[in-house]
Amino acid sequence: MRMQYSEILMAAALLALGGCATPPKTDYTEFLQARPSTILVLPPVNDSPDVKASPAVWSHATRPLAEAGYYVYPAALVDETFHQNGLTTPTDIQQIAPQKLREVFGADAALYLHVSKFGTSYAVITSETRVTVEAKLVDLRTGTVLWSGAATSSSAEGQQNQGGLIGLLVGAVVRQIIGSVSEAGYKYAAVTDDRLLGAPRMNGLLLGPRSATPWQVPAPRQ
Amino acid sequence: MDMDATPRYLSRLALRCATPTLLLGLAACATAPRPLYTWEDFPAQQYVVLVHEGSSTVEDQTRALEAQAEKARATSAALPPGFRAHLGYLYLQAGNPGRARELLLAEKVAFPESGPYMDRLVAKLDAPPAPVSSPSR
């Protein structure tokens, strides 16, 4: 009987120590009040030296958002709509008033992306490809920020990330389409967008209306 | 406190702690949700259009996406949000506004929440060509 009690204490201590490093919890109050069903992904602002960063990050954003249960507007048509209205740079486009975006697209929310790192840096012995993106989800009906986050991915993370998803992403057809120069950045943009926008994740976007369990706030794992 | 045969005690404890954790971990893998949509090369096709580089022709892109749509029909898989509209956009580029219009309306049927934007795009297709002097929206 006494031995069982001490076992329980040990187990509890181990679990508590394991849960020590939980990240700060996001306040989902606004998000849960807004419950956006449609997300307009605006062209990403790019602060990296690679001009292909914006289209790469933009084109990879649709999948995690759609799989999270949101309707995502077709990027090619969104791009065309802005072009036809004389707007071509992401910086200008991201300055448009939320009410105007709501009027033109009918979207509940808009996603503002900012690429701070995209590309390969070459050191003496090694090279590293990294893609870092920050995001902000704004309710177009109220102008409120519903959520913000950031994510990064890098070739320096080690072999556990090299197989599986990344291997599948760049098949022969895709390689032919995108060309070899931007391939590394293009691949990691997919991983970064997935980490940034995929749900359910701790402090990530909530699952949307088309998912099996919409609006569930992820609980910390013990 | 009486703790006899310490190594055996610790290994039993480890097993008691590890087993529920391991089972939960495996359960999480086993119940990973099935994707809602079939993606194939759609993200890459979107990239091709957005990058404005002309590395593949509209005809090639259309053919690839039509093949994906056919496969989805055959397997009853769901095409992603924006897929039909994107294909419609390609047909418009190729000079086939009739097919473009059908696909925009199909997008609205598949995803009614896209209605306001699809209606706007269809209205632009249906509108008589604007006189040169009128200001753009």
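**Reading hairpins and ring pairs in a predicted model**

Analyst: In this predicted model, strand 5 of chain A and strand 6 of chain A form a hairpin with 5 residues between them, and A:Gly143 in the turn has a positive phi of about 80°.

User: In which sense do strand 5 and strand 6 of chain A pair, and over how many bridges?

Analyst: The pairing of strand 5 with strand 6 (residues 145–154) is antiparallel and comprises 9 bridges. Within it, A:Val131 has A:Ser153 as its bridge partner in strand 6.

User: Which strand does strand 4 of chain A join through a hairpin?

Analyst: Strand 4 of chain A is joined to strand 5 of chain A, through 4 residues. Strand 4 (residues 109–122) and strand 5 (residues 127–139) run antiparallel, with 13 bridges between them. A:Gly119, for instance, is bridged to A:Arg130 in strand 5.

User: How is a pair of aromatic rings described?

Analyst: The description rests on the distance of the centres and the angle of the planes. Over all chains, the whole structure holds 14 aromatic pairs. One of them, B:Tyr37 with B:Trp39, is edge-to-face, at 6.1 Å centre to centre and 90° between the planes. B:Tyr37 also pairs with B:Phe111; this pair is tilted, at 6.1 Å centre to centre and 55° between the planes.

User: Are B:Tyr37 and B:Phe111 buried or exposed?

Analyst: B:Tyr37 counts as buried because its relative accessible area is 9%, under the 20% cut-off. B:Phe111 is likewise buried, with a relative accessible area of 3%.

User: Which ring does A:Lys136 lie over?

Analyst: A:Lys136 lies over the face of A:Tyr112, at 5.3 Å from the ring centre.

Technical notes: Residues are numbered from 1 along each chain as its sequence is written. Chains are lettered from A and ligands numbered from 1 in the order in which they are written. This is a predicted model: local features need pLDDT of at least 70, side-chain atom pairs count only at pLDDT 80 or more; totals for chains, interfaces and linings use all residues. Side-chain values use heavy atoms; hydrogens and water are left out. Two strands pair if DSSP finds at least two bridges between them. Helices (H or I, at least four residues) and strands (E, at least two) are DSSP runs, numbered from the N terminus. Rings of Phe, Tyr and Trp (its six-membered ring) pair if their centres lie within 6.5 Å; planes under 30 degrees apart count as stacked, over 60 as edge-to-face and the rest as tilted. Buried means under 20% relative accessible area, exposed over 50%, partly exposed in between (1.4 Å probe, protein chains only). A charge sits over a ring if NZ of Lys or CZ of Arg is within 6 Å of the ring centre and within 35 degrees of the ring normal.
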